[in-house]
Amino acid sequence: MTMSPAIIMLVDDDVERCHEETPEAQYQTGVKLLCENGLHRLPKKYIWPPSERPTRTDTQDPNVAGKQNLQLPVIDLADLLGPKRSQVLHSLADACQQYGFFQLVNHGIAEDVIRKMREVSERFFDLAYEERAKYMINDLRAPVRYGTSFSQTIDTVFCWRDFLKLQCHPLPDFLPSWPSSPVDLREVASTYAQETKYLFLTLMEAILESLGIVEARQEETKRKEILKDFEDGSQIMVANYYPPCPEPDLTLGMPPHSDYGFLTLLLQDDVVGLQIHHQQRWLAVDPMPNAIVVNIGDHLEIYTNGRYKSVLHRVLVNSVKSRISVASLHSLPFNYMVRPSPKVIDEKNPKRYRDTDFGSFLDYISTKEPKRKDFLESRKLTN
Ligand code: OGA
Ligand code: NI
């Protein structure tokens with residue numbers, strides 16, 4: 001019996017069989033170049049095992065249709081800094097405990113600064129491959145690094161993502177090594193980096209207050225002292241580029257992961273893609289014009305002894321539009337130990353995490369695929 005191709009249901013083995021193997025060298029150069037060279041099928045290297053593929057069941061199930069796009073808590077920074085502070089601090093604490101994510105509006109970063117950051121990232125990825133490739137370095141600690149997938153030297157299955165990583169703090173040390181093309185990249189990205197750093201400090205201060213670690217009426221000098229470590233803290237910016245993908249249902253832009261630091265401030269464009277793991281389901285984070293998505297990282301979960309949650313998230317791709325995001329990851333200085341704050345542990349709430357530093361995180365991810373919350377799990381005390 002012959003079947004018309006239109007009604008053949010592909011089983012997973014078939015899906016894999018009709019995709020080509022690409023020579024290793026070809027996918028090491030990134031998905032942008034792969035697309036530029038013309039691509040109609042997804043190469044095998046990018047096909048995720050069925051259990052990890054982006055099931056779209058949420059959107060297909062009539063019981064949850066319409067609810068699949070999660071309305072994240074919205075925090076208004078202008079309110080947080082005004083007379084409604086104590087009320088907003090409660091909403092902030094709720095968001096950090098229940099979602100690990102929130103959208104920040106009225107954050108004070110000018111629209112212009114945000115637009116330019118998005119545009120310059122786009123123009124960087126639009127450069128000729130040779131120009132981008134100047135920054136393709138395997139060393140995870142390099143201050144500037146262009147790369148693809150998640151950890152391209154150790155990932156067995158690749159992600160549909162290219163990225164540019166910029167170390168930002170202290171800025172004068174790193175700025176001279178940032179890409180010199182596009183010509184305005186250094187100026188635009190350093191302005192954006194400084195503004196997000198300031199925003200991070202403002203948010204950290206509020207978060208410390210929401211935890212009772214600093215007090216509302218605490219002397220200014222005492223507050224400053226506590227925040228000083230964060231002022232000197234590490235900052236890394238990552239511009240992510242997800243080109244349209246010929247078979248988006250078979251791959252991921254980023255695998256489920258949690259971020260390592262205290263807070264990540266994420267700028268997304270108007271293309272959906274980000275999903276967070278909330279109450280056993282994957283839920284899309286709707287882009288909100290000019291809002292910044294903020295999420296808790298592993299270090300803040302450790303610091304709060306588990307009260308605030310570092311939540312798994314992942315990125316889906318689509319076949320139509322490219323997507324750009326810029327993540328700014330903030331933590332303490334690289335050589336600092338992160339440990340549960342003495343103010344949040346007591347007899348009833350004993351220390352639940354081991355002390356950890358950035359070095360041990362880097363050692364960990366350079367030997368393993370940094371999937372899920374493996375690193376955080378490895379820091380948990382089991383007693
Ligand atoms: C990240 C991240 C999400 C996105 O860079 O860690 O989760 O939407 N990015 O690109
Ligand atoms: Ni992330």
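Let me start in strand β13, residues 323-330, where Ser328 is found. Strands here are DSSP runs of E with at least two residues, helices are runs of H or I with at least four, and both are numbered from the N terminus.

A word on the source. This is a predicted model, where local features need pLDDT of at least 70, side-chain atom pairs count only at pLDDT 80 or more, and totals for chains, interfaces and linings use all residues. Residues are numbered from 1 along each chain as its sequence is written, chains are lettered from A and ligands numbered from 1 in the order written, and side-chain values use heavy atoms, without hydrogens or water.

Back to Ser328. Buried or exposed? Ser328 counts as buried, because its relative accessibility is 0%. The cut-offs: buried is under 20% relative accessible area, exposed is over 50%, and partly exposed is in between, with a 1.4 Å probe and protein chains only.

Which side chain does Ser328 make a polar contact with? That of His330, at 2.9 Å. A polar contact is a pair of N or O atoms within 3.5 Å; within protein, one must be able to donate a hydrogen and the other to accept it, and residues adjacent in sequence count only if both atoms are side-chain atoms.

Setting aside neighbours within four places in sequence, Ser328 is in contact with several residues, including Thr196, Gln235, Met237 and Leu265. Contact means heavy atoms within 4.5 Å.

Next, the metal. The nickel ion, ligand 2, is coordinated by His257 (NE2), Asp259 (OD) and His313 (NE2), at 2.1 to 2.2 Å. His257 lies in strand β7 (residues 254-257) and His313 in strand β12 (residues 313-315), so the pair ties together parts 56 residues apart in sequence. Both His257 and His313 are buried. Donors are N, O and S atoms within 2.8 Å of the metal, or 3.2 Å for Na, K and Ca; water is not among the atoms, so sites may look incomplete.

Now the whole chain. It has 14 helices and 15 strands. Of its 383 residues, 53% count as buried. Take the contacts with a separation of 6 or more: 77% of them join residues 24 or more positions apart.

That is the tour: Ser328 in β13, the nickel ion with its donors His257, Asp259 and His313, then the chain with its 14 helices and 15 strands.
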